[in-house]
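I opened the notebook on a new model today. My entries follow in the order I looked things up.

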Amino acid sequence: MVRVSNTILAIFNCVTLLAGLVIMGLGLYIFARGGATGCDKVLQNPLIVVGVAITAISLLGLIGSCCRVNFALTLYLILLFLLLLCLIGFTVFAILVTNESIGKAFSKTKIMDFQNWLRDNLADEKHWNDMKSCAVQTKICQDNNHKKLSDIQSGCCQPPVSCGFVSNNATLWNRPKTRAAVKYDSGDCTAWSNQQDTLCFNCESCKAAYAATSRKEWGQLAVANSCFVAFALLFYSIACCARSNNKNDDSHHRFRGYP
């Protein structure tokens, strides 16, 4: 009789196998299409890597639970354990780079500058160019006249208030006629352009807005990741039970084979 743990594990891995194939397919579609835009470039490689990993692990889980192949289940447990270590490591790292006080304390250890990692990562020219391309592609600065602006829209879609620019509409701003008390010829004020593919995407205020938003999102991801770790631990335990069931069945069949 098929044991309950084997059945639960098989159903779970059927679901994750389908999810892995869909994720991998999306990544391969972006790659095969060619001419990837900024948003696509950000997603392409992670989608392929995550999709392949989920598919491979799920296949091992299915073979081990349905066909009761202990070697496959052993590999499944090893890979799932490594995945758990990666998830736990990522969760700890996310907490270090998003929690200011903890990040500042660990930065003193000289391992790395956790406190400013997100900001420095965004400052990398290649990463920032991809982010700008993605922002232009998604048209985040359009139709923002009659709604509350997000941090990114405030920092990237309009010039800083200190520049004293006069608004014609959401994305068209005129420089002040006089320079009295306004130094609009330096910094973010000169970086502003009314061209829709430029606006304030080269401004420091835009980078700061992206860093603040990323900090919030990484914090939320750390919480979600913690829940996923607990979920994965549950199925790791179920897989251990399924492996034990397979061993017991093998022993029982061998014993019945003797006269």
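Where is the place of Leu79? I found Leu79 in helix 3. Helices here are DSSP runs of H or I with at least four residues, strands are E runs of at least two, and both are numbered from the N terminus.

**Ground rules.** I noted that this is a predicted model, in which local features need pLDDT of at least 70, side-chain atom pairs count only at pLDDT 80 or more, and totals for chains, interfaces and linings use all residues. Residues are numbered from 1 along each chain as its sequence is written, and side-chain values use heavy atoms, with hydrogens and water left out.

**Overall layout.** I counted 9 helices and 2 strands in the chain. From the N terminus, I read the order as α-α-α-α-α-α-α-β-β-α-α. Buried residues make up 35% of the 259 in the chain. I use buried for under 20% relative accessible area, exposed for over 50%, and partly exposed for in between (1.4 Å probe, protein chains only). I also looked at contacts, meaning heavy atoms within 4.5 Å. Of those with a separation of 6 or more, 61% join residues 24 or more positions apart.

**Record check.** I looked up the UniProt entry, which is unreviewed and lists "transmembrane region" for residues 6-31, 43-63, 75-98 and 221-239. UniProt positions follow the numbering used here, feature names are shortened, and annotations may be inferred rather than shown by experiment. I checked two of the spans in the model. Residues 6-31 are 100% helix and 0% strand, with end C-alpha atoms 37 Å apart. Residues 43-63 are also 100% helix and 0% strand, and their end C-alpha atoms lie 30 Å apart.

**Surface.** The chain exposes about 15,600 Å², and carbon and sulfur atoms supply 65% of that. Areas come from the Shrake-Rupley method with a 1.4 Å probe; for residues, only the protein chains shown count as cover. I then found a nonpolar patch of about 780 Å², with Ile63, Phe71, Leu79 and Leu85 among its residues. Patch residues have over 30% relative accessible area and no salt bridge; like charges are joined within 9 Å, nonpolar side chains (Val, Leu, Ile, Met, Phe, Trp, Tyr) within 5 Å. Helix 3 (residues 70-98) gives the largest share of the patch, 7 residues. Leu79 is partly exposed at 32% relative accessible area.

**Salt bridges.** How many salt bridges are there? I count 2, taking a side-chain nitrogen of Lys or Arg within 4 Å of a carboxyl oxygen of Asp or Glu. Asp151 pairs with Lys216, with closest N and O atoms 3.1 Å apart. Asp151 lies in helix 7 and Lys216 in helix 9 (residues 204-256), so the pair ties together parts 65 residues apart in sequence. Asp151 is partly exposed at 38%, and Lys216 is exposed at 52%. I also logged Glu204 with Lys207, at 4.0 Å from N to O. These two are 3 residues apart in helix 9, so about one helical turn separates them.

**Helix 7.** Gln153 sits in helix 7 (residues 151-156). Is Gln153 buried or exposed? Gln153 is buried, at 9% relative accessible area. A polar atom of the Gln153 side chain lies 3.1 Å from the backbone nitrogen of Ser150.

**Positive phi.** Arg68, not a glycine, has a positive phi of about 55°. I place Arg68 in the loop between helix 2 (38-66) and helix 3, partly exposed at 35%. Lys139, not a glycine, has a positive phi of about 55°. Lys139 lies in the loop between helix 6 (125-138) and helix 7, and is exposed at 51%.

Terms used
A polar contact is a pair of N or O atoms within 3.5 Å; within protein, one must be able to donate a hydrogen and the other to accept it, and residues adjacent in sequence count only if both atoms are side-chain atoms.
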